[in-house]
Amino acid sequence: MNQVPQMISTKDLAYLKDIFEWNLTASKKAYHYYEITTDEQLKIAFEQYYQMHKTICNTILIILKEGESL
């Protein structure tokens, strides 16, 4: 789907909330491990993992904001 539908159902909203929470938790864990690890290869992997989940969270927020303006 290339655009946000005119109306997001309650079920879709609950699913978006779940996806957001899963990715937020994953990004927080990745950032935590990034901060405590000393291995440079692991730091790079955790940074990439963190950025990926952060991007997904931001995308979900954009979808919800676009839905507000409809």
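Among contacts in the chain between residues at least 6 apart in sequence, 61% link residues at least 24 apart, a contact being heavy atoms within 4.5 Å. The structure is a predicted model, in which local features need pLDDT of at least 70 and side-chain atom pairs count only at pLDDT 80 or more, while totals for chains, interfaces and linings use all residues. Residues are numbered from 1 along each chain as its sequence is written, and side-chain values use heavy atoms, with hydrogens and water left out.

Of the 70 residues, 19% count as buried, where buried means under 20% relative accessible area, exposed means over 50% and partly exposed lies in between (1.4 Å probe, protein chains only). The accessible surface of the chain comes to about 5800 Å², and 59% of this belongs to carbon and sulfur atoms. Such areas come from the Shrake-Rupley method with a 1.4 Å probe; for residues, only the protein chains shown count as cover.

The side chain of Asn23 is joined to that of His53 by a polar contact of 2.6 Å. A polar contact is a pair of N or O atoms within 3.5 Å; within protein, one must be able to donate a hydrogen and the other to accept it, and residues adjacent in sequence count only if both atoms are side-chain atoms. Leaving aside neighbours within four places in sequence, Asn23 touches His53, Ile56 and Cys57.

Helix H1 (residues 10-36) also contains Lys17 and Glu21, four residues apart, about one turn of the helix. These two form a salt bridge, with their closest N and O atoms 3.3 Å apart. The rule asks for a side-chain nitrogen of Lys or Arg within 4 Å of a carboxyl oxygen of Asp or Glu, and the count by this rule is one. Glu21 is partly exposed because its relative accessibility is 36%.

Next comes helix H2 (residues 40-68), where Tyr49 has its place. Tyr49 is partly exposed because its relative accessible area is 39%. Thr55, also found in helix H2, counts as partly exposed because its relative accessibility is 45%.

Notes: Helix = DSSP H or I, 4+ residues; strand = E, 2+ residues; numbered from the N terminus.
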